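Hi,

Here is the structure for you to look over. My notes on it follow below.

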Amino acid sequence: MRSSEDLIIAVDGTLASGKGTLSKGLATDLGLPHLDTGLLYRATAKACLDAGVDPEDAEAAAGLAKALKIDDMKPEDLRTAEVGQVASKVAVHPPVREALFQLQRDFAYQRGGAILDGRDIGTVVCPEAHVKLWVDADVETRAARRVAELNAKGDPITQDEMVAQLRERDERDKNRAIAPMKPAEDAHLLDTTHLSIDAARAKARQIVDQVRADLARS
Ligand code: C5P
C-alpha cells in the first residue's frame with residue numbers, strides 16, 4: 001500500500017452522473033490535482049474529426065492519441081455532443097486505450113496523489129487506488145442535466161434526443177470488449193439522482209475521510 005499522503009482517488013460512473021463536478025469539488029477540498037480522463041478520449045476524437053481520420057480506424061486513431069499532451073487539451077472545444085459520440089467510438093479500440101494508459105498512470109502517480117475520473121479508472125487504470133467511487137443516476141435525470149448544460153451553450157438538443165444518445169453511449173461503453181464501464185468490486189456506490197451537488201460532495205468527503213483515517217491507523 002502506498003503512503004496515505006499520495007492518495008489516489010478513482011471516480012468512475014456514467015455520463016452526466018455528476019462524477020466530473022464531484023471530482024472537481026473533491027479536488028478543491030483535498031488540494032489534489034484532477035484529470036477528467038474523458039477529455040483524453042474526446043481530444044482523440046476531435047483530432048480524428050480535424051484530420052479527416054475515420055474513428056473506426058483503430059491504428060490511425062491510436063497514432064493521434066499517442067501525440068496528445070494533457071496540457072494542450074482545450075475542454076471548451078471538446079465538451080460537445082458530437083465529440084462525445086465520436087469519443088465513445090474511438091474508446092472501443094484497444095490501441096487507443098493503450099496509447100492513453102501511461103498518460104493516465106503518470107498523472108495518478110505524481111507526488112502527493114491525484115483524482116482521476118472516467119469509466120475504468122478503478123478497474124483498469126488504477127486498480128490499486130485508495131478510494132474508488134462509482135457515480136450513477138437514472139437516465140432521465142442525467143439527460144436533463146446534460147441538456148441544460150448544452151442548451152446554455154447554444155446547442156438546441158432536446159431531452160428525448162439526449163436520452164437516446166445516453167442510452168446508446170451507455171450500451172457502447174458497457175459492452176465493449178476492453179475495459180468496459182463497470183463499478184470496481186470494491187467501489188463505493190453513489191447514486192446522485194436525488195442528491196444535490198453539495199450533498200454528493202459531502203458524501204464523497206465522508207468516504208475519503210474514512211479511508212484516510214483507516215490508512216493512518218494501519
Ligand atoms: O466522460 P466523457 O463523456 O467525457 O467521456 C467520453 C467518452 O470517452 C465516453 O463515452 C467513453 O466512451 C470514453 N471514456 C472511456 N474511458 C474513460 C473515460 C472516457 O472509455 N476513462
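Aspartate 138 is partly exposed, because its relative accessibility is 38% and the class runs between under 20% for buried and over 50% for exposed. Keep in mind that this is a predicted model. Aspartate 138 sits in a loop, with strand 4 (131-136) on one side and helix 8 (139-152) on the other. It also belongs to a negative surface patch.

Now strand 1. Is it buried or exposed? Six of its six residues (8-13) are buried, so the rest of the structure largely encloses it. Look at the two faces. Ile8, Ala10 and Asp12 lie on one side, and Ile9, Val11 and Gly13 lie on the other. Both faces are covered.

Which strands pair with strand 1? Strand 3 (residues 114-118) runs parallel to strand 1 and is joined to it by five bridges. Within that pairing, valine 11 has aspartate 117 as its bridge partner. Strand 4 also pairs with strand 1 in the parallel sense, again over five bridges. Here aspartate 12 is partnered with tryptophan 134.

Last, serine 17. You will find it in the loop between strand 1 and helix 1 (19-30). Serine 17 counts as buried because its relative accessibility is 0%. Its C-alpha atom is 5.7 Å from that of arginine 142. Along the chain, serine 17 and arginine 142 are 125 residues apart.

Best wishes

Definitions and conventions. Residues numbered from 1 in each chain as written. Predicted model: local features only at pLDDT ≥ 70, side-chain atom pairs only at ≥ 80, totals over all residues. Heavy atoms only, no water. Patch = residues over 30% accessible without salt bridge, like charges linked within 9 Å, V, L, I, M, F, W, Y side chains within 5 Å. Areas by Shrake-Rupley, 256 points an atom, 1.4 Å probe, with all protein chains shown as cover. Salt bridge = Lys/Arg side-chain N within 4 Å of Asp/Glu carboxyl O. Lys, Arg positive; Asp, Glu negative; His and termini not counted. Charge placed at Lys NZ, Arg CZ, Asp CG, Glu CD. Helix = DSSP H or I, 4+ residues; strand = E, 2+ residues; numbered from the N terminus. Buried < 20%, exposed > 50% of the residue type's maximum accessible area, 1.4 Å probe, protein only. Pairing = 2+ DSSP bridges.
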